[in-house]
Amino acid sequence: MMGRRDSALMRKDGSQSFRGSRIAAAIAVGIFLGCVFAFFYPDGFFVSNPPIHHSIDTSSSEVASSSCESSERINMLKSEFVASSNKNAELKKQVWELTEKLRLAEQRKDNAQKEVLVLGEQQKVGPFGTVKGVRTNSNVVPDESVNPRLAKILEKVAVKRELIIALANSNVRHMLEVWFTSIKRVGIPNYLVVALDDDIANLCHSKDVPVYKRDPDEGIDSIAKTGGNHAVSGLKFRVLREFLQLGYSVLLSDVDIVYLQNPFDHLYRDSDVESMTDGHNNMTAYGFNDVFDEPQMGWARYAHTMRIWVYNSGFFYIRPTIPSIELLDRVAGRLSRENAWDQAVFNEELFFPSHPGYDGLHASRRTMDYYLFMNSKVLFKTVRKDSILSKLKPVIVHVNYHPDKFPRMKAVVDYYVNGNQDALKSFPDGSEW
C-alpha cells in the first residue's frame with residue numbers, strides 16, 4: 001500500500017519537472033529569436049518602406065536636390081524682401097499721414113486759439129453790406145519780468161501805454177539834436193532815446209531828454225557803437241521786442257525826422273502795424289492794379305498785378321500783439337542770417353502771402369496818409385512846388401530819400417517853423433549823387 005503511493009508521487013514529481021523544463025526551454029528560444037530579429041530588423045518587422053542609408057560620398061541626385069532647395073530658398077527670401085519693402089513703404093505712408101494729421105490738428109488748434117483771442121464769442125452774420133471783419137488783435141499780457149529796469153522807466157515816460165522810441169549812436173548826434181528839439185517844440189511828452197553808446201547817453205542827460213541805455217550785450221554792442229545807419233536800423237527789431245513784451249505800443253522813429261505835430265493825434269490804432277509809406281501819390285502809396293503786357297502770349301498778353309510801394313521801416317507804429325512780436329522775430333532772425341536791407345525784409349514779412357513751404361504773417365496793417373506823414377520825395381519833388389499843398393502842415397517830415405539829411409532837416413524847420421518860404425528852394429529834387 002505504501003509502495004504504490006510512493007511510486008505515484010514520484011511519477012507526479014517527474015512529470016512536473018519535465019513540464020517546467022519545456023517551459024524554460026521555450027522561454028529561452030523566444031528570447032534568442034527576439035534578439036535575432038532585433039538585430040536584423042531594428043525598425044520593425046512590418047515596415048513597408050525601409051530607410052535608405054546614404055553613404056558619405058555625395059551623389060548627383062543629392063547635388064540636384066541641394067541645388068533645388070537653394071533656388072527655392074533664394075526665391076523665398078526674395079519674396080520676403082519684396083513683402084518687407086512693401087510693408088515698409090506702407091508704414092512710411094502711414095507715418096507721413098499721421099504726422100500730417102497731427103500738424104493740421106495743431107494748426108487748427110492754434111488757429112482756434114487765435115480766433116478765440118481775437119473774436120471772442122461767435123457771432124451771427126448781419127445783413128448784406130454790414131459785415132466787418134476784425135482787424136484789431138488783442139494786446140499781449142504785459143510781462144515786467146522781461147526787463148524790470150525798463151518797465152520802471154516806461155511807467156514814467158509813456159502816456160496811455162504808448163511812446164516814441166529812437167535808437168541812436170554818436171554817428172547821428174547832430175540829427176538827434178534836431179530830432180528831440182522838434183519833439184520838445186511840439187510838446188510831445190512820451191518819447192525815449194535808446195542810447196547805444198555813452199556819448200549819446202551823456203548828451204541826453206545834459207539836454208533833459210528821457211534816455212535808456214541797455215545792459216551790455218556783446219551781440220549788439222559792437223554794431224551799436226560803430227555801425228552806420230543801416231546796421232543800427234537792423235538792431236531796432238531786437239530792441240523793440242522788450243517794449244512790446246512789457247505791453248507798450250511803440251512809434252518807432254529814425255532820427256532823420258522833424259516833428260511838426262503830435263503824431264499820436266493822427267493814429268488809427270486799428271492794426272498791428274501802422275506805417276508811413278515810401279509812395280509819393282495815391283497809386284504808389286495805397287496800391288494799384290498794374291497791368292503787365294507780354295505780347296508773345298497773344299490773346300492772354302495782359303496780366304494784372306497788384307503793386308504797392310514799400311512801408312518805411314524808419315517810422316511805424318506797432319502794437320503789442322502776437323503778430324507784431326512774430327514780425328519782429330522774423331525780421332531780426334533773417335537779418336542775423338542774411339546780408340539784407342532791413343526795410344526790404346520788413347516788407348517781405350508783412351506782405352508775402354502763405355504759399356507752399358512758407359507760412360505768411362497774419363498781421364493787419366495800415367498805410368499812413370503820405371501828406372501828413374511825409375517822406376522827403378513828396379516834399380521836395382511835389383509839395384514845395386504846389387501853391388496849395390505847400391500851405392499844408394504835415395505831422396512829420398522824414399528825410400529818407402536824400403543823403404544830405406542834416407541840412408535838409410534844418411531847412412524843414414526853417415520852412416515850417418520859422419516861416420522862411422525860401423528855405424527849401426536851394427535843394428534839388430533828388431540827390432546830387
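Arg-307 and Asp-290 are joined through their side chains by a salt bridge, with N and O 3.3 Å apart; the term denotes a side-chain nitrogen of Lys or Arg within 4 Å of a carboxyl oxygen of Asp or Glu. The pair links distant parts of the chain, 17 residues apart, with Arg-307 in strand 8 (residues 302-307) and Asp-290 in strand 7 (residues 288-293). Strands (E, at least two residues) and helices (H or I, at least four) are DSSP runs numbered from the N terminus. Arg-307 is partly exposed at 43% relative accessibility, and Asp-290 is partly exposed at 23%. Here buried means under 20% relative accessible area, exposed over 50%, and partly exposed in between (1.4 Å probe, protein chains only).

The model is predicted: local features need pLDDT of at least 70, side-chain atom pairs count only at pLDDT 80 or more, and totals for chains, interfaces and linings use all residues. Residues are numbered from 1 along each chain as its sequence is written, and side-chain values use heavy atoms, with hydrogens and water left out.

The structure holds 22 salt bridges. One of them pairs Asp-329 with Arg-241 at 2.6 Å, N to O. Because Asp-329 lies in helix 9 (residues 322-337) and Arg-241 in helix 7 (residues 229-245), this pair ties together parts 88 residues apart in sequence. Asp-329 is partly exposed at 34%, as is Arg-241 at 28%.

Within helix 9, Arg-330 and Glu-326 are four residues apart and therefore separated by about one helical turn. Their salt bridge has its closest N and O atoms 3.0 Å apart. Arg-330 counts as buried at 18% relative accessibility, whereas Glu-326 is partly exposed at 28%. Salt bridges with shared partners join Glu-326, Arg-330, Arg-334, Glu-338, Glu-348 and Glu-349 into one network.
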